[in-house]
Amino acid sequence: MATNITMENKTIARTLRLLSQLMELHSENPFKIKSVANAAFKIDKLPYAIAGKSLEELSVIDGLGKSISAKVWELLQKGSITELQDLLGNTPEGIVEMLGIKGIGPKKILTIWKELGIENIGELYYACNENRLIEAKGFGLKTQEEIKKVIEFQMAGHGKFLYAQAAPLVRKLHEDLSLWLGISEPAPLLSIAGAYRRGLEVVDELVFVAGLAQPEQVKAGISRFTPLQFDAQEEGFLIAMSPFGLKIRLYLAPADDFYRQLFIHTGNEAHVEAVLENAGQGPFKSEEAIYRQAGLDYITPELREALGEIEQAAAHQLPVLITDEDLRGSLHNHSTWSDGVHTIEEMALYCRDTLKLEYLGLCDHSRSAFYANGLNEQRVYAQHQEIDALNARLAPFRIFKGIESDILNDGSLDYSDDILKHFDFVVASVHSNLRMDEQKATARLIKAIENPYTTILGHPTGRLLLSRKGYPIDYTKVIDACAANGVVIEINANPLRLDLDWRWHRYALEKGVLLSVNPDAHRIEGFHDMQYGILVGRKGGLQAKQCLNAFSLTDIEQHFSNKKAGILNFAR
Ligand SMILES: [Zn+2]
Ligand SMILES: [Zn+2]
């Protein structure tokens, strides 16, 4: 039989290298691992192609020997190696992908997989952000930061960025551009536009619009702007690339056309078209004037998605959207009792003294989340004693006794009713067995929603933006079940999650379901993520009265006790 004469040495070497990594990952004989790795190295350096050689010829190549030449022969004959296929079959896909990350070898990946329960790069990135790696054997802050950087670099390779990742760049560019434009123009008009201004969770470009007395002159001198190189043009835009690979588009308009251009480059196409049809060509002194001219109430950028907002604006029925200032407390947060960085007291004091909130909902992990030091029954009681003591000291501020209960495979919660009844509220979330089909995932969630102790459904799909798809769910059925059982749906405000997706907020709110902007904070800085939850909540049309953690302390106490008594709660 003729061997595969087209397979390059590089491919053969890469395959053997993967084999050696997987052998190491599965703790096989170190001597064998070394010889396979060594053969990979040797083949890569050979000055001639080995495809087309006979088994006998292969076996005399330096570093191959009898057993490895047999593997190479199999590879050339069949295009794969049985041993490699077996190992691949026993390794989650995401773990294999991790082997391709520079700087973490199989040993570290084994710890990540077996001790931290992490199975793909998205989860690994999330864990870095939650500081979970520094606790593990063989890791430290430095390794964690390095891994985080490599993953961010990989993510950037796709040209897409989380809103939160782009935010510092937007601020910096706005500053640099307005300074630079200010040199030749007395009062330049400048604003971010595009998807970022609409508050989309992921952006693939940043659009800036400037209004200038002499746009052509400024354009001619743009090469002197040093923070970025605007070295291309596209449909009237100046184009530059940020050092991390995010595309920047700058539009220079005559000053009297600024607001019209800002408007055009902010809303999505359908929205812009529909409004301009009635507003005419201007000139306009503000965006408000454009809407007024079109016979509409002013529509805030987050809503400019052509999802019914124009009809609402015409009927003077736009929702009064929630703002950061409306929040009165923070639910779903972790402490050192499970995988958090700060103590309950530190978390509470930060909420009370720095954020001026009235309450904190503490939701450490439940017992099945072994990798996150989840609480067994004894530790639940001990934690409740600590909370009672803190509440006595911190009143009128209140810490609610919550738990983030794993939703088990069959949809049941992680404790018996005897334990569950002691919590003030329960956030129910899926953390394990994420690979389910839609029917299974939906049934699993609905069973948890129907549990009388479930107060809030946590991160409903488990997605990690740009890195892990959520499990598929039937949104309508899940939301309907929440409505029928008075269960609140979380907007997990971590910028990687933003789950429930804002595209489903309207439907939930129409059904009378309350939403809750939960930071899922694992340290005090994490509370600030609530701003991203508010942003997508605004996109979804969320009003303060429909948001659980915008309730006053008295109202939320009432809500929790109603729920425990089986009384349904609805958005007011
Ligand atoms: Zn969770
Ligand atoms: Zn959590």
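The exercises below work through the metal sites, a sheet and some backbone features of a predicted model.

In this model local features need pLDDT of at least 70 and side-chain atom pairs count only at pLDDT 80 or more, while totals for chains, interfaces and linings use all residues. Residues are numbered from 1 along each chain as its sequence is written, chains are lettered from A and ligands numbered from 1 in the order in which they are written, and side-chain values use heavy atoms, with hydrogens and water left out.

**Exercise 1. Find the donors of the zinc ion (ligand 2) and classify its site.**

Step 1. Donors are N, O and S atoms within 2.8 Å of the metal (3.2 Å for Na, K and Ca); water is not among the atoms, so sites may look incomplete. For the zinc ion (ligand 2) they come from H332 (NE2), H334 (NE2), E404 (OE) and D520 (OD), at 2.1 to 2.2 Å.

Step 2. Angles among the four donor atoms run from 83 to 172 degrees, and the site is irregular. Four donors count as tetrahedral if all angles lie between 85 and 135 degrees; four count as square planar and six as octahedral if opposite donors are over 155 degrees apart and all others between 65 and 115; anything else is irregular.

Step 3. Along the chain the spacing of these donors is H-x1-H-x69-E-x115-D. Helices (H or I, at least four residues) and strands (E, at least two) are DSSP runs, numbered from the N terminus.

Step 4. H332 is buried at 0% relative accessibility, and D520 is buried at 3%. Buried means under 20% relative accessible area, exposed over 50%, partly exposed in between (1.4 Å probe, protein chains only).

**Exercise 2. Which residue bridges the zinc ion (ligand 1) and the zinc ion (ligand 2)?**

Step 1. The zinc ion (ligand 1) is coordinated by E404 (OE), H431 (NE2) and H459 (NE2), at 2.1 to 2.2 Å.

Step 2. The bridging residue is E404, and the two ions lie 3.4 Å apart.

Step 3. H431 lies in the loop between β11 (425-429) and α20 (438-450) and H459 in the loop between β12 (456-457) and α21 (475-485), so this pair ties together parts 28 residues apart in sequence. H459 is buried, at 1% relative accessibility.

**Exercise 3. Give the strand order of the five-stranded open sheet and find its edges.**

Step 1. The order is β2-β4-β7-β6-β5, with mixed pairing. Two strands pair if DSSP finds at least two bridges between them.

Step 2. β2 (189-192) and β5 (232-234) are the edge strands; each has a single partner strand, so one side of each has no neighbour in the sheet.

Step 3. Three bridges join β5 to the antiparallel strand β6 (residues 237-241). Q233 has L238 in β6 as its bridge partner.

**Exercise 4. Is H316 buried or exposed, and what is its phi?**

Step 1. H316 is found in the loop between α16 (309-314) and β8. At 57% relative accessibility, H316 is exposed.

Step 2. Phi of H316 is positive, about 55 degrees, although H316 is not a glycine. H332 also has a positive phi, near 60 degrees.

Step 3. Most residues other than glycine have a negative phi, and most peptide bonds are trans. The bond joining G282 and P283 is cis, with omega about 5 degrees, and the one from A395 to P396 is cis, with omega near 10 degrees.
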